[in-house]
Amino acid sequence: MVLLATRSTVGKKAVMAVTGIVLVLFLVAHMLGNLKVFVGAESFDHYAHWLRTIGTPVLPESWYLWIQRLVLTACVVAHIWAATVLAMRARRARPVRYAHRRPVQGSYAARTMRWGGVIIALFVVYHILDLTTGHLNPVGDREHPYGNVLADFAPERWYVTLFYVLAVVSLGFHLRHGLFSALRTLGQRTTTGERRARAASLGFAVALCAGFLSVPLAVTLGLVN
Ligand code: HEM
């Protein structure tokens, strides 16, 4: 059944939607957790430690975190796989390009999604080496992530903050379009329906980006120390 669903175009769109929803839920939880930086070092470090204890004593320490990592990795792989197959299928459906091809909104959005996705994927690799493993962090103390965040976005490392801003803005564009497509598929195909879907996607993307950006910007501007 699942195999059959993944073979059809609709099935692949469903794979994109379900994996997208799981990734968005993670992002919302992660963004809200990050805001603990504004409460203070103790609160933030305590929260990071608590993440490792979720599921105990039923599961050994850190097992939940590893399960979450596996699920997120599977979702990212499936999301990229479905997107690639759908894009290749769309291209095969029109092997000869339009002679007078005017840049339409659809192709612009598709290009933004592709390159946005690549930037986000590269960012996540950098981000894990920076704030999870600590290899690219000036402090890299796994027991005290608050100190790592402060060292990371210190004013003299403004270029790291800039990179984070670019990545989060790319994520915002990606989310806005992804959400809008999903809502349009599910909702009414009326002008009002489309307008509402557009507003909801934009509002959600802006709120999530603002939450994420508040942390690096506040540290670089010296509002958190
Ligand atoms: C822009 C502000 C962000 C800050 C300040 C931030 C901060 C952090 C910190 C401190 C950790 C390590 C937690 C720990 O090991 O205790 C972490 C892990 C992580 N972050 Fe972020 N993050 C941000 C944005 C993002 C974004 C936009 C994404 C995804 C697109 C993301 C994805 C992840 C992932 C996948 C992990 C690894 C979780 C794990 O250990 O399993 N983060 N982040």
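Mentor: A residue counts as buried when its relative accessible area is under 20%, as exposed when that value is over 50%, and as partly exposed in between. By that rule, buried residues make up 31% of the 225 residues in the chain. This is a predicted model, and the values that follow are computed from it.

A word on the surroundings before the site. The chain has eight helices and zero strands, and its C-alpha trace spans about 60 × 45 × 35 Å along the principal axes.

Now the metal. The iron atom of the ligand takes two donors from the protein, NE2 of H30 and NE2 of H127, at 1.9 to 2.0 Å. H30 belongs to helix α2 (residues 9-34) and H127 to helix α5 (residues 105-132), so the pair ties together parts that are 97 residues apart in sequence. The iron atom has six donor atoms, and with angles of 87 to 180° among them the site is octahedral. For comparison, the ideal angles for six octahedral donors are 90 or 180 degrees.

The two histidines fall into separate accessibility classes. H127 has a relative accessible area of 18%, so it is buried, the cut-off being 20%. H30 has 24% and is therefore partly exposed.

Both side chains also show up when N and O atoms of the ligand are considered. An N or O atom in the side chain of H30 is 2.9 Å from a nitrogen atom of the ligand, and for the side chain of H127 the corresponding distance to a ligand nitrogen is 2.8 Å. R52 faces an oxygen atom of the ligand instead, with an N or O atom of its side chain 3.4 Å away.

Next, the wider shell. The ligand is surrounded by 19 residues, of which H30, N34, R69, H127 and L131 are the closest. By class, 13 residues of the shell are nonpolar, four are polar and two are charged. Helices α2, α3 (41-53), α5, α7 (158-186) and α8 (191-220) each supply at least two of the shell residues. Among the contributors, α5 gives the most, with five residues.

Of these helices, α7 can be checked for length. Its 29 residues, at 1.5 Å a residue, should span 42 Å, and the C-alpha atoms at its ends are 42 Å apart, so the two figures agree. The buried residues of α7 include V160, Y164, A167, V168, L171 and L175.

A polar atom of the T19 side chain lies 3.2 Å from the backbone oxygen of M16. A17 is also in α2, but at 32% relative accessibility it counts as partly exposed.

To put the site together: H30 and H127 supply the protein donors of the iron atom, the geometry is octahedral, and the ligand sits among 19 residues.

Technical notes
Residues are numbered from 1 along each chain as its sequence is written. This is a predicted model: local features need pLDDT of at least 70, side-chain atom pairs count only at pLDDT 80 or more; totals for chains, interfaces and linings use all residues. Side-chain values use heavy atoms; hydrogens and water are left out. Donors are N, O and S atoms within 2.8 Å of the metal (3.2 Å for Na, K and Ca); water is not among the atoms, so sites may look incomplete. Four donors count as tetrahedral if all angles lie between 85 and 135 degrees; four count as square planar and six as octahedral if opposite donors are over 155 degrees apart and all others between 65 and 115; anything else is irregular. Helices (H or I, at least four residues) and strands (E, at least two) are DSSP runs, numbered from the N terminus. Buried means under 20% relative accessible area, exposed over 50%, partly exposed in between (1.4 Å probe, protein chains only). A residue is near a molecule or strand if one of its heavy atoms lies within 4 Å of it. A polar contact is a pair of N or O atoms within 3.5 Å; within protein, one must be able to donate a hydrogen and the other to accept it, and residues adjacent in sequence count only if both atoms are side-chain atoms. Ala, Val, Leu, Ile, Met, Phe, Trp, Tyr, Cys and Pro count as nonpolar, Asp, Glu, Lys and Arg as charged, and the others, Gly among them, as polar. The expected span of a helix is 1.5 Å times one less than its number of residues.
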